[in-house]
Amino acid sequence: MPGRTLPTFTLAEVESHNTKKSCYVTIGRNVYDVTDFVDAHPGGGDLVLDYAGKDIADILKDEASHTHSEAAYEVLDDSLVGFLEDTSNGASANGKAKANGQANGTFVHPRTGMSCEEDLSKDTDIASDYKTHKFLDLNRPLFPQVWFGGFSKEFYLDQVHRPRHYKGGASAPLFGNFLEPLSKTPWWLIPVFWLPPVTYGLYLASSGLTALGEVACFVGGLGFWSIAEYGLHRFLFHLDEWLPDNRVGITLHFTLHGIHHYLPMDKYRLVMPPALFAVLATPFWKLAHTIFYWDWNIATAVYCGGIFGYICYDLTHYFLHHQNLPLWYKQLKKLHLEHHFLDYENGFGVTSPFWDKVFGTELTGSKPASKTN
C-alpha cells in the first residue's frame with residue numbers, strides 16, 4: 001500500500017465500484033475488492049455483481065440462498081482494501097481510531113492514506129498496489145497506462161493524490177523508450193541552464209537603466225514571480241475541478257504535475273525540464289513587454305527578476321524534498337510535505353506561505369478542511 005494504513009472510502013466511492021472491471025463489496029465497515037473473484041464465483045459472476053458496491057453481510061449468512069463456508073471469508077480477508085468512513089462520530093473504520101479521524105492519536109488523511117512525511121518514503125508494494133487500486137503498474141511505463149487506461153476524472157484524481165514510492169526513490173518508467181531520459185531533470189541543470197540568459201538579459205537592460213532602476217525592476221520581477229508561483233500551482237497544476245474528463249486532459253495533468261504527486265520523492269522529476277518551462281515562460285515574456293511597452297529595458301529587467309525567482313523556486317522545491325535545511329527552511333519543508341501527504345488542496349506556496357495566508361489556503365498542520373467530490 002502507498003501509505004502505512006489502508007485508505008478510507010466514502011459510501012459513494014464504494015458504490016461506484018459496481019462493474020465487472022472493478023467490483024467492491026462491504027461487510028460492516030470493511031471494504032473488499034472482489035474483482036478477481038467475479039468470474040471464479042461458483043454460482044456465476046452475475047450473483048456477485050448483483051451486490052457490487054453493497055453490503056453483503058446478510059446474503060453471506062442467508063440460509064435460504066446459500067450459507068457460505070469459511071473459504072469464502074478467507075477470500076474476503078485477502079481482498080480487504082480499506083474501510084468505510086464513519087459519518088456518525090468520526091471514528092476510524094478499523095476500530096483503532098479516535099474521534100476526528102485519528103488513528104493511534106495521529107490524523108490519517110482519508111484520501112491520501114498517509115499521516116506523516118516519513119510515509120512518503122516507504123516503498124510501495126507494487127503488485128499489491130496495482131491489484132488493490134487497479135490504477136498504474138509502477139513496473140511498466142506510466143504514460144501509455146494513463147493514456148489508454150480509460151480512467152474517469154474522479155477515479156484518476158483520487159488515485160494520483162495517493163502518493164507512491166518506487167524502489168527507494170528511483171524513477172519509475174514513464175515512456176519506456178528513447179524519450180525516457182528527456183523526462184528526467186537533475187536539480188543542478190536549472191541554474192546551469194537559466195542563470196546565463198538571466199545574466200545576459202540584465203546586462204542588456206543595464207544599458208538603458210541606472211543601477212538603482214535595474215535593481216528595482218529586478219526586485220519587482222521577483223515579487224511578480226511570487227504571486228505567479230502561487231497562481232500557477234493552484235490554478236494550473238491543481239486545476240482538479242476544471243480538469244476535462246477525458247484522456248487528453250488527464251494525461252496532460254499527469255505529465256505536468258500529477259506524476260509529482262503520485263511519486264513525490266522521485267528526485268529526477270522534481271524540477272521542471274527546461275523545454276517545458278520555456279513553453280510556460282514565453283507568454284510572460286510577452287506580458288512583460290506588453291505592460292512595459294514604452295521601455296524594452298524595464299520589461300527585460302522585470303522579466304529577468306521573474307526568471308530568477310523561478311530558479312529559486314525550483315531549487316527550493318528540490319531541497320524541501322531531499323535536503324536537511326536551516327530552521328526557516330525546515331518550516332517550509334514541513335508545510336510543503338504536508339501538501340503532499342496531508343492536504344493537497346491547500347499549501348500552494350513553495351518558496352513562501354505568504355500568499356496562502358492572503359488567500360486562505362494556508363496549511364495548519366492539523367486535520368485539513370478537505371473538499372469532497
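The legends below describe views of a predicted model.

**View A. Overall fold of the protein.** The secondary structure comprises 14 helices and seven strands. The protein has 373 residues, and 47% of them are buried. Among contacts with a separation of 6 or more, 70% join residues 24 or more positions apart. The exposed surface comes to about 18500 Å², with 61% supplied by carbon and sulfur atoms.

**View B. Spans annotated as "transmembrane region".** An unreviewed UniProt entry lists residues 187-205, 211-232 and 300-320 under this name. In the model, residues 211-232 are 100% helix and 0% strand, and the C-alpha atoms at the ends of this span lie 31 Å apart. Residues 300-320 are likewise 100% helix and 0% strand; here the end C-alpha atoms are 30 Å apart.

**View C. Position of D266 in the chain.** D266 belongs to the loop between helix 10 and helix 11. Helix 10 covers residues 247-262, and helix 11 covers residues 274-291. The relative accessible area of D266 is 3%, so this loop residue counts as buried, the cut-off being under 20%.

**View D. Surroundings of D266.** Leaving aside residues up to four places away in sequence, D266 touches G169, A170, S171, A172 and H322. With one of these residues, S171, D266 makes a polar contact through the side chains of both residues, at 2.7 Å.

How values were computed. Residues numbered from 1 in each chain as written. Predicted model: local features only at pLDDT ≥ 70, side-chain atom pairs only at ≥ 80, totals over all residues. Heavy atoms only, no water. Helix = DSSP H or I, 4+ residues; strand = E, 2+ residues; numbered from the N terminus. Buried < 20%, exposed > 50% of the residue type's maximum accessible area, 1.4 Å probe, protein only. Contact = heavy atoms within 4.5 Å. Areas by Shrake-Rupley, 256 points an atom, 1.4 Å probe, with all protein chains shown as cover. UniProt positions renumbered as here; feature names shortened; annotations may be inferred. Polar contact = N/O pair within 3.5 Å; in protein donor to acceptor, adjacent residues only side chain to side chain.
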